[in-house]
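Hi,

Here is the structure I wanted to pass on to you. Have a look, and my notes on its pockets and surface follow below.

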Amino acid sequence: PSISYGQLETTVDISHYEYEEEVNGAFFMSDESDPIFLSVGIRDWEKNITDSIYFMYTSEFTYGQTNYNSASTGTLVKDYYKARFETLVSYNYESVFPFLGLGYRWLYDDSGGLVSSTGHIGYDRQSQYLYLPLGIITRFTDELTFKGQYNYFISGKQTSYLSTFSASCGDVENNQNDGYGFDAVFDYSLEKDI
């Protein structure tokens, strides 16, 4: 088999984010980007192991602000930090690359000490997910690529830093048992080595 080392790329992304939780089928809370998130990262989507099998990876860090809305505690705007790491194995089928991989996402909700529209005080929260990315990458041209994926949830842990709300409170960890996600990316390369 032939082995090449592909091309390491530096990425800058602009994205929109929406998240919603329900409790017993009723709306509990939501977060939505205000208005966008900015991400920087590195990736290699072109590392072929054989003529048709590729190993790919993505690493990125995201910052933005979210509009928080809760049925019981009102609204507020807060800082949001996210890091994501994915490794993928793909098969090249005529410029369409179906893939399966493993992903990890870390999110930090920095609302400790912030006061909502109803006078409630926020607390910091950390969210960690392990998931299986399943999807396709399509190369329309050398410069234009589309990546669409479904994220199959494996496990998650939510840590609520209630001590940032009050020194008399202890922090709480909860395991998350289900969930899912979708990602869609149109990528335009500004510069490409030949």
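The lining of the largest pocket divides into 17 nonpolar, 12 polar and 14 charged residues (Ala, Val, Leu, Ile, Met, Phe, Trp, Tyr, Cys and Pro count as nonpolar, Asp, Glu, Lys and Arg as charged, the others, Gly among them, as polar). A pocket here is an open set of points on a 1 Å grid over the protein atoms alone, where a 1.4 Å probe fits, with protein on both sides within 12 Å along at least five of seven lines; lining residues have an atom within 4 Å of a point.

Before you read on: this is a predicted model, with local features needing pLDDT of at least 70 and side-chain atom pairs pLDDT 80 or more, while totals for chains, interfaces and linings use all residues. Numbering starts from 1 along each chain as its sequence is written, and side-chain values use heavy atoms, leaving out hydrogens and water.

Back to that pocket: its volume is about 1,400 Å³ (the space filled by probe spheres set on the points, which are joined across faces, edges and corners). Of its 43 lining residues, Glu-60, Lys-82, Arg-84, Phe-182 and Asp-183 are the closest to the centre. Strand E10 (180–188) gives the most to the lining, with 9 residues (strands are DSSP runs of E, at least two residues, numbered from the N terminus).

The second largest pocket comes to about 790 Å³. Glu-21, Phe-28, Met-29, Tyr-123 and Arg-125 are the closest to its centre, out of 33 lining residues. By class, that lining has 12 nonpolar, 14 polar and 7 charged residues.

Cheers

Conventions: Helix = DSSP H or I, 4+ residues; strand = E, 2+ residues; numbered from the N terminus.
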